[in-house]
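Let's take a friendly walk through a structure together. Have the sequence and the 3D view ready as you read.

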Amino acid sequence: MWIYEKKLQYPIKIENPNPLYAGIIVSQLGGPDGELGAATCYLSQRYSMPYQEVVGILTDVGTEELAHVEMISTILHQLTRNLTPEQIVEAGFDKYFVDHTVGVYPQAAAGVPFDAKYIGVKGDVFADLTEDLAAEQKARVTYDNLLRLIDDPDVREPLKFLREREIVHFQRFGDALRVAQDKNDSKNYYACNPAFDKLARERR
Amino acid sequence: MLRLQELSFALKETELFLDGHPANRRALAYYAEQKAEYDLLKEEYETTYAPITPGAKEDETEWRWVRSPWPWEYGFPDSGNVAPGALDSGEER
């Protein structure tokens, strides 16, 4: 079960609205490597994960990703305040606007709505953890790309914080992978899927 | 755990009602009453059995958060009803 905390993980106070920025940052909400996908992925992988420490990491990273969904949504909201129709058209935000006004909707920068196809739950310890390591790297690259396109320090600071978190999560998933490797046959990690095969459970 | 679930459900129901009726005194009094019992029982549960949130009633030797069954494993630490084949304790490598 979850409890909501009425605070952001990192302060966000954007002075100047900018719909162009909103149109690209939205990818970190509902894009292929966005925070919503990350949260859904890690929290869903927990059920077939046989190791306590790894379930702890999936739970706590997945929960933090929900806080990142809120941070990205806050950035989108603040970037789209008090806009005129002219500003919206000028920034190319018109296509988003016509469907969602200035509501926060999870989609990729190119306009594709959020899709569970972006996430991976294979039900295999090593496949899932490797998926998570890659997901953190891909999200880090997306933040790198956003930081290449964005000048406003009010927007950059929270994005830099989120980028750092991707790196830390990558390291923690590295810990998770090490825990899983330590519990399996070091000569052949793939001798079985410890999330499924009975033999492996008995051997544990 | 069952009593904790009952109390937290009562709190959730009252929260939702109070969101729409923030000045309802009867609901406020009911919430306070349930909350007091919940807080007391939660403290007792986390001390005796296992943390419900990470960092609750931790000790100096081990991070207890990852040393108790997860909610989908057919039981809670106080029910003695954890399914066989439940998660690795971490020690028996």
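## Buried or exposed?

A residue counts as buried if 20 or more other C-beta atoms lie within 10 Å of its own, and as exposed if 12 or fewer do, with partly exposed in between. Keep in mind that what you see is a predicted model.

What share of the 93 residues in chain B is buried? Buried residues make up 5% of them.

## How confident is the prediction?

The scores for this model are ipTM 0.80 and pTM 0.90. Chain B has a mean pLDDT of 86, with 85% of its residues at 70 or more. In residues 89-93 of chain B, however, the pLDDT is below 50, and this stretch makes six contacts in the model beyond near neighbours in sequence.

## Chain B in outline

Chain B contains two helices and zero strands. Take its contacts between residues at least 6 apart in sequence: 31% of these join residues at least 24 apart.

One residue to look up here is B:Lys57, in the segment after helix H2 (25-48) of chain B. The phi of B:Lys57 is near 50°, which is a positive value in a residue other than glycine. Why is B:Lys57 classed as partly exposed? B:Lys57 has 17 C-beta neighbours inside 10 Å, so it falls in the partly exposed class.

## Helix H7 of chain A

Now turn to chain A and find helix H7, residues 125-149. H7 of chain A has 25 residues and reaches 37 Å from its first C-alpha to its last, close to the 36 Å expected at 1.5 Å a residue.

Which residues of H7(A) are buried? They are A:Val125, A:Asp128, A:Leu129, A:Asp132, A:Ala135, A:Glu136, A:Ala139, A:Thr142, A:Tyr143 and A:Leu146. Their cover includes four helices of chain A: H1 (19-25), H2 (27-30), H3 (35-45) and H8 (153-182).

## The largest nonpolar core

The largest nonpolar core has 46 residues, and the members that touch the most others are A:Ile25, A:Val54, A:Ile75 and A:Leu76. Two or more residues come from each of H1, H3, helix H4 (52-79), H7 and H8 of chain A. H4(A) gives the most, with eleven residues.

Apart from neighbours within four places in sequence, A:Ile25 is in contact with A:Ile72, A:Ile75, A:Leu76 and A:Leu146.

A:Asp60 lies in helix H4 of chain A. Because 16 other C-beta atoms lie within 10 Å of it, A:Asp60 is partly exposed. A:Asp60 and A:Tyr42 are 18 residues apart in sequence, and their C-alpha atoms are 9.2 Å apart in space. For A:Gly123 and A:Arg140, 17 residues apart in sequence, the C-alpha to C-alpha distance is 25 Å.

The loop between helix H6 (94-100) and H7 of chain A holds A:Gly123, and A:Thr101 lies in this loop too. A:Gly123 is partly exposed because it has 14 other C-beta atoms within 10 Å. Beyond neighbours within four places in sequence, the contacts of A:Gly123 are A:Ser48, A:Ala195 and A:Phe196. A:Thr101 has 10 other C-beta atoms within 10 Å, so it is exposed. The phi of A:Thr101 is near 50°, a positive value in a residue that is not glycine.

Key. Residues are numbered from 1 along each chain as its sequence is written. Chains are lettered from A and ligands numbered from 1 in the order in which they are written. This is a predicted model: local features need pLDDT of at least 70, side-chain atom pairs count only at pLDDT 80 or more; totals for chains, interfaces and linings use all residues. The expected span of a helix is 1.5 Å times one less than its number of residues. Two residues are in contact if their C-beta atoms, placed from the backbone, lie within 7 Å. A nonpolar core is a set of buried Ala, Val, Leu, Ile, Met, Phe, Trp, Tyr and Cys residues joined through C-beta atoms within 7 Å. pLDDT is the predictor's confidence in each residue, from 0 to 100.
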